[in-house]
Amino acid sequence: MNRFFKRYFLSITLLSLGCLSIFANEAKSSSGSQKGAQDNSPSSSITQLQDAAKIALEREIFQSYMSQARQQTQTIGFCLQQLSQTIDAQKISLTKEQKQHVTKEVVAIQNFTKILLEKLFVLNSKEALHEAILINHVLIDYLFSVVKADITTIEACKIHEHLVKKSKLELSEELLFALAEKNQEDMAKLVNATDNVGLRWYNHAYRGLQKYNAYTVAKGVAITAASIVAIGYIAGHLDDLTPQWILDSNFHKNWINCYPFKRDPTTGGYTEIDKNITYKTNPTTGETETVEGPLTPVQLMIKSSRKLNKGKLLTIGGALLTISYADLFAKLYKDPIDWLQAKSKTKLDEINKILLGTAKPNLSNDGEEKVYFKDMVGCEHLEEIANKIASFMQHPERYERADLAEHSAYLLEGPPQTGKTLFAKALRTLVAEKLGADKKVSFIDAKKILDSTSFTIEDIFAHAAYYSPCIIFFDEIDLVGTHRDKNPLKTSQLLTCMQGVDGALKQVFVIGATNRPEQLDQALLVDGRFGKRIHIGYPKYEHRKIFLQQQLEKRCVTLSPEYIDCMAQETNGCSYNMLKRIITEALIQSSREMRSVCQSDFEKSLDTEVRRIQQATAMSDDEKRIIATYQAGKAIARHILQTNQEVVKLTVNTVGKDIKTVEAAFTIKTSTDVAGAENENLAATKKDQKIKLGDVFTKSQANLSELLSDEEQRKECLALLAGNAALQLMLKQSYTQCNKHDRADVMQIIYNMISNGEKIDEKTKTQAIALKDQYEKEIAQLLAPHKALIEKIVALLMKQNTIDRYEWKALIK
């Protein structure tokens, strides 16, 4: 309880200081006025000029120090925010209890800096400046010592103790200004310490080597030393170094996994090799023989070559120091060497990140990031499916004895960036943790392998069967399993392999992801292949709100509940990746200016990421007036009609919009068609304007437009037509080309209302046009009494180009 009172005693102290400073200023001003009234004696103009210059200089110095102190407080807030982000990213090794403690104390100090900015600096007095310099000194000194020593010892209440000690000291104005300059120097040290918090001594040493380009030199020295040691070892063990010794040793078993394919010398392809069979080449006949035992890449390279004597071995050893493995075995063993080189590069990159201190701690044994279903809001049904798969892999004999088999393949379909790939990663993490260390599960990114290697789909499934239990993930499977008349080879391979997957015995599960399921061959969508289809759509309003709250809480960002709710309503149709991007852009903006993140940063992030407002828009006053009148009419119509969509922002700047194009679809030809004529009649791309001339941005809790009533859809049509009606009302002219996409949307809504899902014929079109004309007359009558409000909105848009939600609410009161 004492700690609680100490922590929040700071805010009460600041408020009392503010009140005293206000009373002191009023007393000084009243005494000054009385003195001026009594002293009416004329003074020389030179003395007046000198006094005025002195006062101006003092005020300039005062404003300079006040601005410096304010900037220092903002930078302290930025350092605290940086600490929170580093802790959230798990770049500092802390236990769960330590993380909770440090986060709680950092948030308390952040709140204290916000009180400073909101209460103390607005006083703009010398007393407030002296208090700010002293408080900044205490904050900088305490935070620097804690960050350099041990971040877990941070306590907000200790700042109060330091402030009490410092307040007892009587400091002159010169000493305070000297302390302000010292704060500026110490601030740079605090920023540097915050950027490097959590780094070990070897991280600093490695960064220093990289800074002075010593890394390349050290790498060369290490390679040279390793080569000398290798040559010395070979020279000292010439009697023991034979091909058979290499085969009998265990070093290759510890470093290289079994390679389950045999290369065909005639075709260059690979065939599956049985677990208990090793292929051996007879040096005299050149024929292939089989022996018992597992196969490794080292055995492939050595057994397929003739016996080497010691002289040849030394010659080859010298050559290996000057040429690369890929050049040496390019024709026979290119794929295994490429695989080894890729693995080595990946391992070196991981080591490099560890030495730099930028490695992610939450990684699996194979270096992949762990993803949990608890981080995926609104995906409980997906977690249930993952638990079924994990249970089947954990206890296969239980299902086998009962003659039960789980679905061996799942097709995830839905718009881009809705979490399909994230589901596969979360499934991998869940299964790996369920099985534990005793039973490892393999995960194959099939698309990545097909794009970067010469392996075929058959090779991937053979590898999966060899290393079962295994999960094969086909991202963008429509690029592989399309119609057989378009890509017959890959489609045939995929159909054959999918048919051979037996979940009860092989424990191979296939996950496919696509946003174009209509492109897949129908034979892939039957039971036994991708018969189990799961749709993953964009998150709903409730899920977006929960996700934003979780992400902001993780990053120690405080926003009002009202604003978070407004963000959730305005981001309809946005994926979780986009919501993360909004938060990230806001944090980047504040970090660039070295201050704590605030609501204005999120507004700018929404402008760029969601609203896509282009700030630099050059136009004449006449053009701006036309656009302002158009958007003012739309906004006022929504206010008058009380539509489902509530206005949050207006702008006359150009706005990017979704590019609506018709995808180029292939044409399926029959055998009677001319050979090679496939895809000759591609659908033409629809050219559309890529920008909008201003816009009215809205928010809504509705998730599906299909669930809106006919009355709500009628209001939406009236609001979209209000822009052109406002132009005719205010400017007495019609601009049919101005934002014609709004009228196109109106026609689409009307078609859906009157057709009831039936085919749109000429009669339906005539009815739709008549209804649109009726709506235009209705909205013109509705806007007529509100000309004064339209003029007021247009004037404000002409002045500042944009009206935010607070200015809009003030206008319509």
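**Close-up views of the predicted model**

**View 1. Aromatic pairs in the chain.** The count comes to 7 aromatic pairs, where rings of Phe, Tyr and Trp (its six-membered ring) pair if their centres lie within 6.5 Å, planes under 30 degrees apart being stacked, over 60 edge-to-face and the rest tilted. This is a predicted model, in which local features need pLDDT of at least 70 and side-chain atom pairs count only at pLDDT 80 or more, while totals for chains, interfaces and linings use all residues. Residues are numbered from 1 along each chain as its sequence is written, and side-chain values use heavy atoms, with hydrogens and water left out.

The ring centres of Tyr-65 and Phe-177 are 4.3 Å apart and the planes stand at 5 degrees, so this pair is stacked. Tyr-65 belongs to helix H2 and Phe-177 to helix H6, and the pair links parts of the chain 112 residues apart; helices (H or I, at least four residues) and strands (E, at least two) are DSSP runs numbered from the N terminus. Tyr-65 is buried at 17% relative accessibility, and Phe-177 is buried at 18%. Buried means under 20% relative accessible area, exposed over 50%, and partly exposed in between (1.4 Å probe, protein chains only).

The rings of Phe-392 and Phe-509 have centres 5.7 Å apart and planes at 85 degrees, so they form an edge-to-face pair.

**View 2. The largest nonpolar core.** This core has 46 residues, and those with the most contacts inside it are Ile-109, Leu-129, Leu-139, Leu-143, Ile-154 and Ile-159. A nonpolar core is a set of buried Ala, Val, Leu, Ile, Met, Phe, Trp, Tyr and Cys residues joined through side-chain atoms within 4.5 Å. At least two residues of the core come from each of H2, helix H3 (96-120), helix H4 (126-149), helix H5 (157-167) and helix H6 (173-195). H4 gives the most, with 13 residues. Leaving out residues up to four places away in sequence, Leu-143 touches Ile-76, Leu-80, Ile-109, Ile-154 and Leu-190, contact meaning heavy atoms within 4.5 Å. Another core, of 39 residues, lies apart from this one and includes Leu-721, Ala-722, Leu-789 and Leu-797.

**View 3. Helix H23 and the helices around it.** H23 (residues 576-592) has 17 residues and reaches 24 Å from its first C-alpha to its last, close to the expected 24 Å at 1.5 Å a residue; the expected span is 1.5 Å times one less than the number of residues. Its buried residues are Tyr-576, Leu-579, Ile-582, Ile-583, Ala-586, Leu-587, Gln-589 and Ser-590. Seen down the axis of H23, these buried residues fall within an arc of 165 degrees, so they line one face of the helix; the arc is that of the directions from the helix axis to the C-beta atoms. They pack against helix H2 (45-88), helix H21 (541-554), helix H22 (561-570) and helix H24 (599-611). Just after H23, Met-594 has a positive phi of about 55 degrees.

**View 4. Gln-569 in helix H22.** Gln-569 is located in H22 and is buried, at a relative accessible area of 8%. Not counting residues up to four places away in sequence, Gln-569 touches Tyr-541, Arg-544, Lys-699, Ser-700 and Gln-701.

**View 5. The span and end of H2.** H2 has 44 residues, and its first and last C-alpha atoms are 64 Å apart, close to the 64 Å expected at 1.5 Å a residue. Gln-90, which follows H2, has a positive phi near 60 degrees.

**View 6. Backbone geometry in two stretches of loop.** Most residues other than glycine have a negative phi, and most peptide bonds are trans. A cis peptide bond joins Ser-468 and Pro-469, with omega about 5 degrees. Pro-469 sits in the loop between helix H19 (457-466) and strand E7 (470-475). Glu-476 has a positive phi near 55 degrees; it lies in the loop between E7 and helix H20 (488-500) and is partly exposed, at 29% relative accessibility.

**View 7. Lys-732 in a loop between helices.** Lys-732 is not a glycine, yet its phi is positive, about 60 degrees. The loop that holds Lys-732 runs between helix H26 (710-730) and helix H27 (740-755). Lys-732 is exposed, with a relative accessible area of 62%.
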